[in-house]
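Hi,

Here is the structure I said I would pass on. Have a look at it first, and my notes on what turned up follow below.

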Amino acid sequence: MLPLEQALTQMLNALPSPDSKQDEQISLEQAVNRICSENIISPINVPSFDNSAMDGYAVRLADLAQSLTLSVAGKSFAGAPFTGEWVAQSTVRIMTGAMLPVGADAVVMQEDVIVNEDGSVTFPANIKCGQNIRRIGEDVKQGDVVLAKGSLLNTVSLPLLASLGIDKVKVFPRLKVAVLSTGDELVPVGQPLKEGQIYDTNRFTVKLMLEKLNCEILDFGLLPDNEQEFEKAFVKAQQQADLVITSGGVSVGEADFTKTVLEKVGKINFWKIAMKPGKPFAFGKLENAWFCGLPGNPVSALATFYQLVQPVIAKLSGYSQWKAPQRFSAIATTKMKKAPGRLDFQRGYYQVNGNGKIEVQPIGFQGSHLFSSFVKSNCFIVLERERGNVEAGETVTIEPFNHLIS
């Protein structure tokens with residue numbers, strides 16, 4: 001069986017990055033969850049002028065060196081800067097965000113001064129040069145790369161671009177993904193089941209995850225175990241999509257025509273991945289699209305999509321800043337069954353205990369057909385390939401679910 005890491009490396013090395021020549025320019029309002037296709041350069045400094053970080057008084061240290069009590073020369077408000085003559089031995093009343101008067105060395109908070117009956121202001125000693133001042137370009141300098149090519153445009157990055165006056169951005173095209181299910185035992189959700197039938201939940205699950213990844217979904221529906229119908233639909237799908245995803249038909253003993261049809265229109269690798277759940281998996285290049293074949297069991301389909309297809313979609317979409325879900329150490333609170341031989345992704349629930357330690361427990365039975373445990377889980381418990389049973393109190397690795405299944 002092929003180790004998961006080796007399979008993923010082979011897949012990612014085979015994939016191209018998207019061509020920037022196919023990018024499109026869209027407004028910021030349209031750009032949420034899109035991937036920028038070029039470095040985005042700041043056209044301005046942020047802040048664009050020196051300004052006050054506090055409500056208070058702008059001072060020159062040379063004036064304070066002669067007297068700690070100064071008269072007030074005027075006021076500076078946000079959007080209405082001080083424009084009068086700043087005479088010696090005086091201060092300027094200033095508000096948060098207001099432009100700093102030329103020559104000011106510091107801003108003193110209004111809580112730290114004494115306003116005298118005659119309107120003059122007495123300042124404390126030991127005022128530091130530069131205190132409470134936001135300098136021009138302190139956040140972003142003109143010419144800085146604020147977002148690298150391949151970054152996700154989201155609720156953090158898009159307001160940053162708006163603050164720079166950027167109203168349009170170039171992005172990669174949305175990835176077109178065709179989704180198919182195979183199997184005579186499958187029935188569309190909503191129809192009554194007959195004896196020996198099950199609902200086609202995998203295609204529904206895959207579509208939900210593709211929506212979160214902002215892909216353009218081409219749903220080719222549920223295909224019967226019929227070679228001619230399968231080939232017809234499959235050829236049409238790979239002509240319209242960048243990536244084709246199927247569930248079922250990749251295990252030993254399943255319909256022989258699946259492999260035959262796939263290899264007619266491309267080169268497909270049928271692998272046994274050393275992971276549980278999710279041993280059967282197929283990957284390859286079709287005539288016009290890439291292909292990922294998921295196992296038929298619902299938990300296996302979700303796990304292989306999460307671990308293998310998610311990074312494939314990131315690369316094909318141009319999302320070069322994508323990071324694999326983080327993993328942490330946790331203390332097992334119960335025993336876990338594990339046979340050496342495969343990397344095991346058990347569904348689990350982690351939390352921080354009263355001592356500040358991360359602890360985790362498996363949720364329900366771990367069969368690849370038992371999907372309900374995902375609802376009560378918030379992580380994978382990642383048990384190493386050669387590891388055996390786990391005892392309570394042992395340290396294990398957890399992988400908290402990212403936005404795809406949380």
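**Salt bridges and burial**

Glu384 counts as partly exposed, at 37% relative accessibility (buried means under 20% relative accessible area, exposed over 50%, partly exposed in between, with a 1.4 Å probe and protein chains only). Before I go on: this is a predicted model, where local features need pLDDT of at least 70 and side-chain atom pairs count only at pLDDT 80 or more, while totals for chains, interfaces and linings use all residues. Residues are numbered from 1 along each chain as its sequence is written, and side-chain values use heavy atoms, with hydrogens and water left out.

Back to Glu384: its side chain meets that of Arg387 in a salt bridge, 3.3 Å from N to O (a side-chain nitrogen of Lys or Arg within 4 Å of a carboxyl oxygen of Asp or Glu). Arg387 is buried, at 18% relative accessibility.

By that rule there are 13 salt bridges. Another one joins Arg34 and Glu24, at 2.7 Å from N to O. Arg34 sits in the loop between β1 (24-27) and β2 (40-41) and Glu24 in strand β1, so the pair ties together parts that are ten residues apart in sequence. (Helices, H or I of at least four residues, and strands, E of at least two, are DSSP runs numbered from the N terminus.) Arg34 is buried at 9%, whereas Glu24 is partly exposed at 35%. Then there is Arg60 with Asp63, whose closest N and O atoms are 2.8 Å apart; both of these residues are buried. Asp200, Arg203, Lys207 and Asp219 are linked in a salt-bridge network.

**A buried serine**

Have a look at Ser76 too, in strand β5 (residues 69-76). Ser76 is buried, with a relative accessible area of 0%. Its side chain reaches the backbone oxygen of Met99 at 2.9 Å. Leaving out residues up to four places away in sequence, Ser76 touches Pro81, Phe82, Val92, Arg93, Ile94, Met95, Ala98 and Met99 (contact means heavy atoms within 4.5 Å).

**A bent helix**

Helix α7 (residues 298-317) bends by about 40° at Tyr306 (the angle between axes fitted to the seven residues ending there and the seven starting there). Of its 20 residues, 18 are buried, so α7 is largely enclosed by the rest of the structure. Next after α7 comes Gly318, with a positive phi near 85°.

Cheers

How values were computed
Polar contact = N/O pair within 3.5 Å; in protein donor to acceptor, adjacent residues only side chain to side chain.
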